[in-house]
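The stops below are given in the order in which to select them.

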Amino acid sequence: MIAWMALTFGIAFGSAIIPLISIEMFVLGLATQQPGLSYWLVGAAVAAGQVLGKLLYFYAARGDLHLPKFLQRKKKDRDPDKPKGRWLRWMEWVRDRCHRHPQWMFGTHAVSSVVGVPPFMATSVLAGFAGMSTGLFVATGAIGRFARFTLLAASPALFAGWIA
C-alpha cells in the first residue's frame with residue numbers, strides 16, 4: 001500500500017508540473033485496479049502532490065522563485081513611447097485586478113481546486129500574482145484537491161454498487 005501511495009504522490013506531483021499528465025485518469029485506473037486501497041489515502045496523496053507541484057508556479061508568479069535562464073524571456077529594450085502589445089496590456093490588467101481584489105482570488109482558487117474550472121494551474125499562477133499568502137494557497141488547494149480526488153477515487157466503487 002505504501003508503494004501505491006508513493007507512486008500516486010509522484011504522479012500527482014508530476015502532473016502538477018507537466019499538464020500533459022492526467023492525474024484523473026491515473027486515479028480512476030488505480031481505483032479500478034486496486035479496489036482495496038483507501039480512497040481517503042489516495043485523495044490525500046494526490047492533494048499533497050498537486051499542491052506541492054503547484055507551489056512552484058505560485059512562487060514563480062510571486063517572483064520568489066527564479067526560473068532557469070533557458071526558460072526566461074529575453075529582455076528587450078522597450079521604447080517607453082511605443083504602445084504596449086495586447087498581451088502585455090491584458091497581463092497588466094489582470095495583475096491590477098488581482099491586487100485590487102485579493103478576496104476574489106481566494107474564492108476562485110478554492111472553486112478551481114475542487115471543480116477544475118478555471119484551470120487549477122491558471123489560478124495557482126494568478127494567486128501568486130495577487131500576492132495570496134502561502135498558507136491560504138496551500139490550505140485552499142489541499143482541501144479542494146483532497147475533496148476532488150477522494151470523490152474521484154471512490155467513484156468506481158460507488159457506481160459498481162449502484163449497478164450491481
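Predicted model: local features only at pLDDT ≥ 70, side-chain atom pairs only at ≥ 80, totals over all residues.

Residues are numbered from 1 along each chain as its sequence is written, and side-chain values use heavy atoms, with hydrogens and water left out.

**Helix α2.** Select residues 23-33, which form α2; helices are DSSP runs of H or I with at least four residues, numbered from the N terminus. Its buried residues are Ile23, Phe26, Val27, Leu30 and Ala31. Because these cover an arc of only 125 degrees around the axis, they sit on the same side of α2; the arc is that of the directions from the helix axis to the C-beta atoms. Met25 and Gln33, on the other side of α2, are exposed. Buried means under 20% relative accessible area and exposed over 50%, with partly exposed in between (1.4 Å probe, protein chains only).

**The largest nonpolar core.** Next select Met5, Ala12, Ile23, Phe26, Val27, Leu30, Leu37, Val42, Ala45, Val46, Phe149 and Ala153, the 12 residues of this core. A nonpolar core is a set of buried Ala, Val, Leu, Ile, Met, Phe, Trp, Tyr and Cys residues joined through side-chain atoms within 4.5 Å. Two or more residues each come from α1 (2-17), α2, α3 (39-62) and α7. The most come from α2, which gives four. Another core, of nine residues, lies apart from it and includes Leu55, Met105, Ala127 and Phe137.

**Ser155.** Go to α7 (residues 134-163) and pick Ser155. Is Ser155 buried or exposed? Ser155 counts as buried because its relative accessibility is 12%. Its side chain reaches the backbone oxygen of Leu152 at 2.7 Å.

**The second largest pocket.** Select Glu24, Gln50, Lys54, Phe120 and Arg145, which lie nearest the centre of this pocket, among 14 lining residues. The elements giving two or more residues to the lining are α2, α3, α6 (120-130) and α7.

On a 1 Å grid over the protein atoms alone, a pocket is an open set of points where a 1.4 Å probe fits, with protein on both sides within 12 Å along at least five of seven lines; lining residues have an atom within 4 Å of a point.

**Pro118.** Finish in the loop between α5 (102-115) and α6, where Pro118 lies. The peptide bond from Val117 to Pro118 is cis, with omega near -5 degrees. Most peptide bonds are trans.

Methods. Polar contact = N/O pair within 3.5 Å; in protein donor to acceptor, adjacent residues only side chain to side chain.
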